[in-house]
Amino acid sequence: MSTLTAPPTQQQIKRFEQIRSQTESICAPLEPEDTVVQPMVDVSPPKWHMAHSTWFFEQFVLQPYLKGYQVFHPSYAFLFNSYYNTVGNRVQRAERSTLTRPPLRDVYAYRRHVNEHIGELLTKANEETLAELMPILELGLQHEQQHQELLVTDIKYILSTNPLLPAYYTQNPSSSPALEAATFLEVPGGVYTIGHTGDGFCFDNELGVHEVLLNDFSVMNRLVTNGEYLAFMQAGGYDDFRFWLDEGLALVRSNNLKAPLYWLEQDGEWMVFTMHGLEPLELNKPVTHISFYEAQAYASWAGKRLLTEFEWEAAAQVYPPATGNFQESGLFEPTAAQPGTGMQQLYGDNWEWTYSAYHPYPGFSTAPGALGEYNGKFMINQMVLRGGSCATPASHIRTTYRNFFHPDKRWQYTGIRLAE
Ligand SMILES: [Fe+2]
């Protein structure tokens, strides 16, 4: 029996449309004014994200491959290029909120214009052209998914800095299931293969498959919770230099940090700003929005340590995860672990800080041209995070996926898993 399937280009067009429309769904609850502000330099205005991810397709797919393509606007490459020096000058990152023009409606028109022309290109292109452009189109879609995650975290930050503390969506208060004590699952020592193998998409930073020799270790079967982190705070963890890396201690002292980002003490009770507004801290949910320094200090206080990125990948090979709380859940907040002692929350909920610097794998090389600027030039002074978060699309994450942020960053969904 044969099954009817759509031709490859029709499948690609459908996938393209689905991912592009998801970006707009994420922005749908926003007011136009929400889409322009940039309360800190790491955060980009949602309008900018929507235009920039569109520019990526125009610059790298339509201009080289669709004959006679006219750009939507001659200045948009200057306005919406992020960091590609090969492409030319651009609005500086910290100035993105100055772009009150073009208006939001023009950005939506830009998105439609580019979508229609991608559809035209995929329908018209011959096999040779398709073979050449498909990997770049795929990179554009993966890039769009990365910006979807940034949109979620940037929207949360933008709303949190508004004195009205508006909710992104409303939800009735829920209660988490009773928490079981964490257990530590053994991962046998040995030689593990690290890096991406197989035919599916991966970023260049996952290539350079190599073997790593690991000692026996044990890994916590779930993420560290708010309640466990609160115990560290109440034990004076933020004030005790013994637990901190020197840079982390300097950061904590100079910024008077006492708690994770979005925690707020009101009348002796801890509240937390979430995507559904300000609510009492739920002790069983995973602690999130912490820096690498805070994760490391907590681990040190707990008498444990963080995993290396290689240990994380080995643990994921030994304990393949079944499910995760990803972007598709629509919650945009981590959820409590379920009762049970198996491996939990390895994927989704929170990105997990590892104690591994973001370095190239053996044999790493950058692609020629502008797209060679995608990952390689950021391999300095950043730490690797693994496993995806509640803002990551499920189809975007892999065992070998390497995310990276500077160790002081707190606005992503970042949490702690311990090793011993
Ligand atoms: Fe980008």
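A salt bridge is here a side-chain nitrogen of Lys or Arg within 4 Å of a carboxyl oxygen of Asp or Glu. Arg-15 forms such a bridge with Glu-138, the closest N and O atoms being 2.4 Å apart. The pair links distant parts of the chain, since Arg-15 belongs to helix α1 (residues 8-27) and Glu-138 to helix α5, 123 residues apart. Helices (H or I, at least four residues) and strands (E, at least two) are DSSP runs, numbered from the N terminus. The structure is a predicted model, in which local features need pLDDT of at least 70 and side-chain atom pairs count only at pLDDT 80 or more, while totals for chains, interfaces and linings use all residues. Residues are numbered from 1 along each chain as its sequence is written, and side-chain values use heavy atoms, with hydrogens and water left out.

Burial is classed by relative accessible area: buried means under 20%, exposed over 50%, and partly exposed in between (1.4 Å probe, protein chains only). Arg-15 is partly exposed at 25%, whereas Glu-138 counts as buried at 15%. By the salt-bridge rule the count comes to 21. Another of these bridges joins Glu-144 to Arg-111, with the closest N and O atoms 2.9 Å apart. Here helix α5, which holds Glu-144, is linked to helix α4 (residues 104-124), which holds Arg-111, across 33 residues.

Asp-239 lies in the loop between α6 (226-234) and α7 (246-254) and Lys-258 in the loop between α7 and β5 (263-266), so the pair ties together parts that are 19 residues apart in sequence. Asp-239 is exposed, with a relative accessible area of 53%, and Lys-258 is partly exposed at 45%.

The iron ion is coordinated by the NE2 atoms of His-52, His-143 and His-147, at 2.1 to 2.2 Å. Donors are N, O and S atoms within 2.8 Å of the metal (3.2 Å for Na, K and Ca); water is not among the atoms, so sites may look incomplete. In sequence the donor residues follow the spacing H-x90-H-x3-H. His-52 in helix α2 (residues 46-65) and His-147 in helix α5 (residues 127-160) are 95 residues apart and link distant parts of the chain. His-52 is buried, with a relative accessible area of 1%, as is His-147, at 10%.

In soluble globular proteins, nonpolar side chains tend to be buried together. A nonpolar core is a set of buried Ala, Val, Leu, Ile, Met, Phe, Trp, Tyr and Cys residues joined through side-chain atoms within 4.5 Å. The largest such core has 116 residues, of which Tyr-229, Trp-263 and Ile-416 touch the most other members. Its largest share, 13 residues, comes from α5. Domain 1 (10-160) and domain 2 (184-419) each supply at least three residues to this core; the domain bounds come from an automatic or database domain assignment.

Finally, an open sheet of 4 strands has the order β11-β10-β9-β12, with mixed pairing. β11 (403-405) and β12 (414-415) stand at the edges, each with a single partner strand, so one side of each is left without a neighbour in the sheet. Two strands pair if DSSP finds at least two bridges between them. Strands β9 (residues 351-357) and β10 (residues 383-386) run antiparallel and are joined by 3 bridges; Ala-357 has Met-383 as its bridge partner in β10.
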